[in-house]
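Here is a short briefing to read alongside the structure. Take a moment to look over the model before going through the points.

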Amino acid sequence: MFVQRSKLLFLYISVICLGIFVTILTYASIAGDKPDCQSVFPHDVPLQDLDSRQQELDRKLSQLRDLEVTLRRSYPQKVAAIEQIVDDRHVPTIYVITPTYARTVQKAELTRLSYTFLHVPKLHWILVEDSPTKTALVSQFLSRCGLTYTHLNVATPPVFKTKSADPHWLKPRGVLQRNLGLEWLREHLHADTANGVVYFADDDNTYDIQLFEEMRYTKRVSVWPVGLSGYLRYESPVVTNGHVTSWFTYFRPDRAFATDMAGFSINVRLLLDRPEAVFKNTVRRGHLETNLLSAITTMGELEPKAHNCTKVLVWHTRTEKADLRNEDKFKKRGFPGSNPDIEV
Ligand code: UDP
Ligand code: MN
């Protein structure tokens with residue numbers, strides 16, 4: 001009962017505070033009666049008028065300060081909690097490392113991905129092109145995507161590239177690109193001040209934005225299920241009494257960390273403390289993730305997320321290759337086909 005009443009009182013005072021804020025803002029913007037920008041910067045207002053407006057503002061400000069003091073005295077913990085929300089300096093950054101390569105669907109994938117990330121506070125996107133140079137398409141895309149980002153590039157040597165006839169799982173993809181992302185973090189952050197978590201997000205997967213809040217406060221390594229992975233509905237850590245004890249996966253469940261790339265996040269300090277932890281192109285098929293995680297943690301230390309690994313918040317979706325057969329058909333019939341100057 002008391003809690004409810006104090007909640008109501010708190011709400012009441014907050015509404016009054018907001019009211020005063022809004023009054024001040026409204027006053028500032030509609031002072032003067034012309035609805036154009038002159039009303040915000042009223043050059044033709046006599047000095048006397050400005051003086052009285054200033055006094056009015058000062059009065060409101062002092063009222064606001066009084067209210068703030070009352071609020072702090074009456075509800076010190078609640079005010080502190082609200083301040084924490086407003087001041088995000090202590091909120092860990094999510095560093096998302098994404099390898100990407102040029103193909104017809106690339107810009108569509110990156111657009112979809114960036115729109116997901118735009119919903120996530122304090123996210124730093126490290127986008128690494130599998131390319132000997134930074135392409136104009138990706139550079140221009142990033143410059144207008146609205147996210148905090150770092151743009152890097154490194155080309156995968158042909159021997160490590162999957163040929164078009166190979167099954168997609170034959171060779172690991174995005175290895176050098178993820179490693180370059182890690183290298184950038186190790187160069188630009190310091191182990192004693194860094195506050196964040198690293199996530200490897202492929203450009204074709206689908207992410208629920210709740211996933212990012214699940215991983216944000218990872219102490220060492222967090223894990224969770226991945227939907228549509230490993231030719232199953234989902235693959236997942238198996239959790240017993242709050243601890244990961246094994247892995248639900250068809251392919252090699254005996255791997256120490258039988259998770260997909262999308263199924264874990266790592267505290268950035270752990271990666272800074274272990275500079276030897278990198279992905280290796282030479283590991284056995286399906287062992288990229290387990291190889292890296294074995295270098296930095298143990299199964300007993302894993303932090304199960306997503307309701308003790310019972311919720312799927314990321315899906316290993318794969319985008320169909322673009323079928324451009326009619327472009328060739330156009331050319332065979334002597335038509336020019338689509339305009340190559342139009343970026344897709
Ligand atoms: N990738 C890359 N170079 C390649 C192939 C893939 O950088 O030659 C990237 C790709 O953009 C994606 C990640 O590596 O972000 C994983 O590739 P893909 O989605 O093809 O792998 P799968 O879904 O088959 O595991
Ligand atoms: Mn993929």
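Predicted model: local features only at pLDDT ≥ 70, side-chain atom pairs only at ≥ 80, totals over all residues.

Residues are numbered from 1 along each chain as its sequence is written, chains are lettered from A and ligands numbered from 1 in the order in which they are written, and side-chain values use heavy atoms, with hydrogens and water left out.

**Ligand site**

- Ligand 1 is surrounded by 15 residues, and the closest are Pro99, Asp130, Lys161, Arg173 and Asp204 (a residue is near if one of its heavy atoms lies within 4 Å).
- This shell holds nine charged, four polar and two nonpolar residues (Asp, Glu, Lys and Arg count as charged; Ala, Val, Leu, Ile, Met, Phe, Trp, Tyr, Cys and Pro as nonpolar; the others, Gly among them, as polar).
- Lys161 has a polar side-chain atom 2.9 Å from an oxygen atom of ligand 1, and Asp204 also places a polar side-chain atom 2.9 Å from an oxygen atom of this ligand.
- For Arg318, an N or O atom of the side chain is 3.1 Å from an oxygen atom of ligand 1.
- Taken alone, ligand 1 exposes 520 Å², and the protein buries 90% of that (accessible areas come from the Shrake-Rupley method with a 1.4 Å probe).

**The open sheet**

- Seven strands make up an open sheet of mixed pairing, in the order 3-2-1-4-10-6-11 (strands are DSSP runs of E, at least two residues, numbered from the N terminus; two strands pair if DSSP finds at least two bridges between them).
- Its edges are strand 3 (148–153) and strand 11 (303–304), each of which pairs on one side only.
- Strand 1 (residues 93–100) runs parallel to strand 4 (residues 196–200), with five bridges, and Tyr95 has Val198 as its bridge partner in strand 4.

**Hairpins**

- Strand 7 (residues 226–227) and strand 8 are antiparallel and share two bridges, with Val226 opposite Glu235.
- Six residues lie between strand 7 and strand 8 in their hairpin, where Leu228 takes a positive phi near 60°.
- Strand 8 (residues 234–240) is also joined to strand 9 (residues 243–248), antiparallel, by five bridges; among the pairs is Thr240 with His243.
- In this second hairpin two residues separate the strands, and Asn241 in the turn has a positive phi of about 45°.

**Enclosed space**

- The structure has one cavity of 30 Å³ or more (on a 1 Å grid over the protein atoms alone, a set of points where a 1.4 Å probe fits but cannot get out; lining residues have an atom within 4 Å of a point).
- The largest cavity holds about 50 Å³ of space (the volume filled by probe spheres set on the points, which are joined across faces, edges and corners).
- Its lining includes Val226 and Glu235, along with Trp224 and Trp247, and strand 8 gives the most, with three residues.
- The lining divides into five nonpolar, three polar and two charged residues.

Methods. Polar contact = N/O pair within 3.5 Å; in protein donor to acceptor, adjacent residues only side chain to side chain. Helix = DSSP H or I, 4+ residues; strand = E, 2+ residues; numbered from the N terminus. 1 Å grid on protein atoms, 1.4 Å probe; cavity = no way out; pocket = protein on both sides within 12 Å on 5 of 7 lines; lining within 4 Å.
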